[in-house]
Amino acid sequence: MSRASKLTFAGTSLLAVATVFFVHYGQQSEKAAMHAGVVRDMEQQRVKRERQADFEMQKELESEYKKVQTVHDGEGGGKAGAGG
């Protein structure tokens, strides 16, 4: 083989190997990013469930306290503010 054909063969072989490596690396990084998204979504769902449970607990406590306590809005027949 001539020197030019050897260089052309080496260059195209190197380019093919580099292309395969680049595509493989891109797929691996994309897979990792997708997995990170799944993990992030699961964490968000867990936090949402915790917040919903806290909200339900607070709602139950509020209804329980309203049964026991009387709540006034402050506009009743009091003489607050009457100076004299």
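The accessible surface of this protein comes to about 8,300 Å² (Shrake-Rupley method, 1.4 Å probe; for residues, only the protein chains shown count as cover). Carbon and sulfur atoms account for 61% of that area. The model is predicted: local features need pLDDT of at least 70, side-chain atom pairs count only at pLDDT 80 or more, and totals for chains, interfaces and linings use all residues. Residues are numbered from 1 along each chain as its sequence is written, and side-chain values use heavy atoms, with hydrogens and water left out.

Of the 84 residues, 1% are buried. Buried here means under 20% relative accessible area, exposed means over 50%, and partly exposed lies in between (1.4 Å probe, protein chains only).

The fold is simple to list: one helix and zero strands. Both are DSSP runs, numbered from the N terminus; a helix is H or I over at least four residues, a strand is E over at least two. Helix H1 covers residues 3–68.

Now turn to the charged side chains. How many salt bridges does a search of the whole structure find? It finds three. The criterion is a side-chain nitrogen of Lys or Arg within 4 Å of a carboxyl oxygen of Asp or Glu.

Start at Arg-46. Its side chain meets that of Glu-43 in a salt bridge, 2.3 Å from N to O. Arg-46 is partly exposed at 32% relative accessibility. Glu-43 is also partly exposed, at 38%.

Arg-46 has a second salt-bridge partner, Glu-50, at 2.4 Å from N to O. Here the spacing is four residues within helix H1, about one turn of the helix. Glu-50 is partly exposed, with a relative accessible area of 42%.

Further along the numbering, Lys-66 and Glu-62 form a salt bridge at 3.2 Å, N to O. They are four residues apart in helix H1, so the separation is again about one helical turn. Lys-66 is exposed, with a relative accessible area of 52%. Glu-62 is partly exposed at 42%. Shared partners join Glu-43, Arg-46 and Glu-50 into one salt-bridge network.
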